[in-house]
Every structure is written in C-alpha cells, then in structure tokens.
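Work through the following exercises with the sequence and the coordinates at hand. Each task sentence is followed by a solution that goes step by step.

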Amino acid sequence: MFSELKFPVPWGHVAAKAWGHSEGHPVLCLHGWLDNANTFDKLIPLLPRDCYYVAMDFSGHGLSSHRPAGCPYHFLDYVTDVCRVTAALQWRRFTLMGHSMGGAVAGMFCFLYPEMVDKLILLESLGFLLAPEDTEAWLKSKRRVIDRLLSLEAKQQTPKARSPEAALQRLLEANSHLTPEGGAILLQRGATETPAGLVYNRDLRARMQSREFFTVEQCVKLLQKIQDRVLIIISQDGLLVPHNLPSRNHFVKALQEAFESTLKEHIQLAEVPGSHFVHLNEPEMVSGIISNFLTAQNTRARL
C-alpha cells in the first residue's frame, strides 16, 4: 500500500507517493529522465519495511506541475526539487536512491549537501553526467537546448493524444530496455485519459533540459566528497557497462582506478544481470543487494 503526497511550490506542486510509516528511516527515491515515481513500484515492496520511502515526480514529470511558461528545465532545478521536498518533510538526514538521471540528481545533492545524506544508492548511474571531451561539442549541446526551447515555444505544440495501445507502443519504442509490463506501470502515472485518448503528462520542455557536465577528474574528486557509504548497481546489459561506452573508456578506467584505491572503503560496486530498467523489470535482481545495504550499519568515520 502507498499514499499520495503533494508538496506546494511557487508554480503548483510536486507530487510523490510514499510507502511505509513516516516514523521509519527516510529514503527519498528519484526517477530517471522522462519517467516518474512509478518506476519504483515493484522494487520498494521488496525492501526493508522499517524504512519510509518517498518517491517523488520531478517537476514536469508524472503528476507534478509543469514549470511556468518560458522557463527551461535546468539540471539544478531537479536538485532544488529535492531540497523543497525534503524541507517540507522536515528531513534533516536521509538516504537517497536514484535511477539514471535521478542518480545524477542524487549525486549532485550529495556533493552540495553532504551532511544531509547518510547513504547513496545509484541504479544504473554513476552520480554525475560526463562532459563532452570536445569543447565545440559542449558548446553545440548548450546551443541546441536554447534553439529547441525557442522552436517549441514558436510552434505552441500541444501534447498528442494516443490510444492506450499506441501510447504504450510509443513508450516502448523510445525505451528499448523497458518490458511491456514496466512500460504499462510507468504509463499509469505518466499519462492522463482525455476524450481524444491518452496524453503524456510530461512537459515537452523536459526533453531538452540543460545539464551539468563534469570532467573525469572532477568526477573522481566529487566522489571523494561523499561522506558516507555508496552503492552503485550496474546492469550487464544496461547503459554503463564498458562495451556500451566505447567513447568513454578513459572515464571508465579512471573510475575503476578510483574504486580500487581511496574510494573502495565506502563505495560498493555491484554488477547484476538485466537492462537499464532492471529495478522495474526484474526487481528481485537488485532488492537483496539494496536491502543489505540499507540495513548495514555505517562504520566509516565521517570526513
């Protein structure tokens, strides 16, 4: 059983769903890009029952309000969403669990507010987004965000209505790692029924968010700023395994060296069978690892 939550913000509300008793150890769960809180529906029931799990919808996703007209979606806006929600919950120290983009948001929150996080769980995420190595590619990515936003505003495009079957098929085509069952679970919160058909809830502007990128060296230094234990789960057929990152070999090697040296004492790296959405498609593959991590006592001295 879960309950629905709403947190007021200046432009509307941030929606969330919660499992467990509010007196339990707080765990904030962050979904991936263009997904929603339902991504944790099959995983959380398998986790320790003495925790209080809150899975939020980022602004412009799921059941949360869209940002005001004319406002783009910056990566740090999602970090601010976390600040707003945890302040409303009056959480002073808690565990963060993030999938994909949600992991990058969780990582950034840890870097900025390390005193507030006791444990960090990254599902198919390394806690940050790697910058393009070429300066021109970096500039091009920034210009693309501006141009796409202005183009979208000029078109005044309205969300397209689809039949339930077509809406699911479109979602699966855009997410090859999703199973039909997983796609249907995301669609329950990610679309609204109208007389013309299902309309995706997500803000079209969220597709062109302005991201915060880091160099390899910055990534390693940022990891060292995390004060407590970290669990990183990578899927064998996901997006972070080396054979799926041919242009990121330097990045992978640098992180591996960091894991094997100063970071190994408080970062646990686990590789499991499955795809990018293993936590939704096959939650049993990761639930035991996460449960053990949640229940283990922190033994590392704080920095």
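Predicted model: local features only at pLDDT ≥ 70, side-chain atom pairs only at ≥ 80, totals over all residues.

**Exercise 1.** Determine whether Lys-17 is buried or exposed, and identify the side chains with which its own side chain makes polar contacts.

*Solution.* First, find the element: Lys-17 lies in strand S2, residues 12–19. Second, take its relative accessible area of 1%, which is under the 20% cut-off, so Lys-17 is buried. Third, list the surroundings, leaving out residues up to four places away in sequence: Lys-17 touches Phe-2, Ser-3, Glu-4, Ala-37, Asn-38, Asp-41, Tyr-53, Val-54, Ala-55 and Arg-189. Of these neighbours, Phe-2 is 15 residues away along the chain, with 6.4 Å between its C-alpha atom and that of Lys-17.

**Exercise 2.** Explain why the buried residues of helix H6 lie on the same side of the helix.

*Solution.* Start with the residues themselves: in helix H6, residues 216–225, Val-216, Cys-219, Val-220, Leu-222 and Leu-223 are buried. Around the helix axis they cover an arc of only 165°, and they are therefore on the same side of H6. The spacing can then be set against a general rule: an α-helix has 3.6 residues a turn, so residues three or four places apart point the same way.

**Exercise 3.** Describe the largest cavity in terms of its volume and its lining, and then examine the backbone of Leu-34, one of the lining residues.

*Solution.* A search of the whole structure gives two cavities of 30 Å³ or more, and the largest cavity has a volume of about 110 Å³. Its lining consists of Leu-34, Asp-35, Asn-36, His-61, Gly-62, Leu-171, Leu-186, Leu-187, Gly-190, Tyr-200 and Arg-202. By residue class, the lining divides into five nonpolar, four polar and two charged residues, while helix H5, residues 180–190, gives the most to it, with three residues.

Turning to Leu-34, the residue is found in the loop between strand S3 (25–30) and strand S4 (51–56), and it is buried, with a relative accessible area of 15%. Its phi is positive, about 65°, although Leu-34 is not a glycine. Most residues other than glycine have a negative phi.

**Exercise 4.** Find where Ser-100 lies, and state its phi.

*Solution.* Ser-100 sits in the loop between strand S5 (94–99) and helix H2 (101–112). Its phi is near 55°, a positive value in a residue other than glycine.

Note on methods: Residues numbered from 1 in each chain as written. Heavy atoms only, no water. 1 Å grid on protein atoms, 1.4 Å probe; cavity = no way out; pocket = protein on both sides within 12 Å on 5 of 7 lines; lining within 4 Å. Points joined across faces, edges and corners; volume = space filled by probe spheres on them. Helix = DSSP H or I, 4+ residues; strand = E, 2+ residues; numbered from the N terminus. Nonpolar A, V, L, I, M, F, W, Y, C, P; charged D, E, K, R; others polar. Buried < 20%, exposed > 50% of the residue type's maximum accessible area, 1.4 Å probe, protein only. Contact = heavy atoms within 4.5 Å. Arc of directions from axis to C-beta.
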